Every structure is written in structure tokens, then in C-alpha cells.
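Here is a short tour of one protein chain. Keep the view open while reading.

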Amino acid sequence: MGLFSRLKTGFVLSIASLRVLRSHPKLAVYPLLSGIASIVFVLALLGPLFLVSGTSIGGLEYAALFVVYLGSTYIAALFNAGLVYSVGQVFRGNDPDIGDGLRAASGKSGTLLVWAFASAVVGIVIQALESRGEIGAQIAGMLFSVGWAIATFFIIPVIVFEDDVSVKGMFTKSASIFKETWGESAGANVGLNVVPMLIAVAGIALAVALVFVLPTGATVATAVVIAVLSVVAAMLVGGVITGVAKTALYVYATEDIQPDEFNEFNFDSLFGSDEGSSSRRGSGGVLGQKGGI
């Protein structure tokens, strides 16, 4: 699959996911709450650290960085889990409820914390490698980062929908699904970012044009607001469509079921053969009784 085809696949997948968001705009509450909670957490944690930044604090910076990674990853994972659960409800034909989604995510809080801890450790290792001056260390850090992102791409759907998944099992299952669905078209992941990028670029372009046409103080302030709101909107849309797309791919990979909202998307283009398709039938429970939905 060429680069253009991969981008097109991701773009079509994002458009289908966008239709889900259009039908259920309340799904945007998850990334919004996640962003607010993460900002509050980071400010509350790093504020005291900045107050003593001029003193000799030794390894406190790395300790604080680890806690930031751990807390922010856990917060993001918790709200993403709620989003994935609610998307599963949509795929079953139900109207998603934010409270139900958050309660379902809280029920997986222990496993999500384990995932957040592992992610924080990996984040510190990558940061340490990339902060070294050697080219080899920086390349190793970059490769490690890419490999980690691939291996954990489906980690949240696995945690949400699998019953009593082990720590090793959630990583191996996530990596296996990624290999099965996107192994030949991993570049399509970039296509999921096209729609959010267009939203941000359009808003920023409008703001710049406004200032260029009417360069007054009030116009500049308005332009700043437009630019900020467009970036926030892009982040919210991007968070939702990524969660929707992952859930849809997970459903198809584990149950060989194509959600109605994705009836125009050719899932088989992501799979190598019919043999892989037959092996998926009946293996999951996202839309059935298994998996907690």
C-alpha cells in the first residue's frame, strides 16, 4: 500500500468516525474533561517545584517528571476508556451516557493505573535517551518511542472490553491487533490527523486574515480567541475520532463485525487475507455480552 493510499485510508476512517461524533456530540466531553483534569494536575504538581527551582534539588526533577507522566497518562487513559466504552454503546445502537462511561472506566482503574505506570517508565527511558548528546541514543529513543506507540495502539480497547486481561496479555493483544489490522498500512494512522489539522489550519488562517485585513487591537484579540478555539476544537475532534476509529477497528478485528456507522469503509483493505478474517469470528465480545458492555 502506497503512502497516498495509506493517508486516504486514514482519512476515510476519520470521516466515518466524524459521523459518529456528529450524531453523538456529547462524546467530545471526554477529551474536554481529560484536558482540563490534566492541566489542573500538572499545574498543581509543578507549581511547588517551580517555587524551589533555584535551589539544589538533585533528582527531584526526574521524580517530578515521572509523576507527571504517570498522572497525565492515567487521566488520559481513564477518560479514553470512558470514550471507548461509550463508542461501544453507540455501535450497539444505544445512546451513550457519560456517567455510565466514566463508571465503566473507573471499574478498570486498577488496570489503567498499571498501564499508566508502564507508560511513565517508558516515557522516562525515552526522555533519558533523547536528552543524551549521542546520535545513537537519540535514534534509539525515537525507535523505542515508535515501537511503544505501535505496541500499545489498542491498549485502551483491550482493557475496556477484555475480561480479566493480564498485564502481559493486554500488551500482547494490543500489538497483535495492530499487526493484524494495520500491519501493512500503519501510515494510515497519519490520515486520522488530517481532519483535526484542517480544523486548526482553517481557524488559524481565518485569524491571520482578520488581523491582516483589519489590524486593530480588538481585531487582534478576536483573532487570538479564534485561533485558540480552533486549536481546542481540533484537539477535541481529534481525540474523539481517534477513539472511535480504534474501537471500530477493535470490533472488526475481534468479532469480524462492521459497525453500521462504518458501512462505507472497507475494513478488509486493512487485512491481509480471508484467513485472518475467519480467525477473528467469535473471538471478542464488544457488541455481545462479553467484555462488559
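This is a predicted model: local features need pLDDT of at least 70, side-chain atom pairs count only at pLDDT 80 or more; totals for chains, interfaces and linings use all residues.

Residues are numbered from 1 along each chain as its sequence is written, and side-chain values use heavy atoms, with hydrogens and water left out.

## Salt bridges

A salt bridge here is a side-chain nitrogen of Lys or Arg within 4 Å of a carboxyl oxygen of Asp or Glu. The count is three. Here are the pairs.

| Pair | N to O distance |
|---|---|
| Aspartate 95 and lysine 26 | 3.4 Å |
| Aspartate 100 and arginine 103 | 2.5 Å |
| Lysine 173 and glutamate 162 | 2.8 Å |

Where do the partners sit? Helices are DSSP runs (H or I, at least four residues), numbered from the N terminus. Accessibility is sorted by relative accessible area: buried is under 20%, exposed is over 50%, and partly exposed is in between (1.4 Å probe, protein chains only).

Aspartate 95 forms its salt bridge with lysine 26. This pair links distant parts of the chain, 69 residues apart. Aspartate 95 is in the loop between helix 3 (60–91) and helix 4 (98–106), and lysine 26 is in the loop between helix 1 (3–23) and helix 2 (29–51). Aspartate 95 is exposed, at 55% relative accessibility. Lysine 26 is partly exposed, at 32%.

Aspartate 100 and arginine 103 are both in helix 4, three residues apart, so about one helical turn separates them. Aspartate 100 has a relative accessible area of 35% and is therefore partly exposed. Arginine 103 reaches 56%, so it counts as exposed.

Lysine 173 bridges to glutamate 162. That pair also links distant parts of the chain, eleven residues apart. Lysine 173 belongs to helix 8 (residues 167–182), while glutamate 162 is in the loop between helix 7 (155–161) and helix 8. Lysine 173 is partly exposed at 26%. Glutamate 162 is buried at 13%.

## Aromatic pairs

Rings of Phe, Tyr and Trp (its six-membered ring) pair if their centres lie within 6.5 Å; planes under 30 degrees apart are stacked, over 60 edge-to-face, and the rest tilted. How many aromatic pairs does the structure hold? There are eight aromatic pairs.

One of them joins tryptophan 115 and phenylalanine 171: the ring centres are 6.3 Å apart and the planes meet at 55°, so the pair is tilted. Tryptophan 115 lies in helix 5 (residues 109–131) and phenylalanine 171 in helix 8, so the pair ties together parts 56 residues apart in sequence. Both are buried, tryptophan 115 at 9% and phenylalanine 171 at 19%.

Another pair is phenylalanine 153 with phenylalanine 178. Their ring centres are 5.4 Å apart and their planes are at 70°, so this pair is edge-to-face. Phenylalanine 153 is in the loop between helix 6 (135–151) and helix 7, and phenylalanine 178 is in helix 8, so parts 25 residues apart are tied together. Both residues are buried.

Ring pairs also link Trp115, Trp148 and Phe171 into a cluster.

Phenylalanine 153 has a further neighbour. Lysine 246 lies over the face of its ring, 4.5 Å from the ring centre. A charge sits over a ring if NZ of Lys or CZ of Arg is within 6 Å of the ring centre and within 35 degrees of the ring normal.

## Helix 11 and its end

Helix 11 (residues 217–255) has 39 residues and should span 57 Å at 1.5 Å a residue; its end C-alpha atoms are 57 Å apart, which agrees. The expected span is 1.5 Å times one less than the number of residues.

Aspartate 256 follows helix 11. Its phi is positive, about 60°, although aspartate 256 is not a glycine. Most residues other than glycine have a negative phi. Aspartate 256 is in the loop between helix 11 and helix 12 (274–280). It is buried, at 18%.

## The largest pocket

A pocket is found on a 1 Å grid over the protein atoms alone: an open set of points where a 1.4 Å probe fits, with protein on both sides within 12 Å along at least five of seven lines. Lining residues have an atom within 4 Å of a point. The largest pocket has a volume of about 1200 Å³. Of its 39 lining residues, the closest to the centre are Ala76, Ala77, Asn80, Thr242 and Lys246. Helix 3 gives the most to the lining, with eight residues.

Conventions
Helices (H or I, at least four residues) and strands (E, at least two) are DSSP runs, numbered from the N terminus. Grid points are joined across faces, edges and corners, and a volume is the space filled by probe spheres set on the points.
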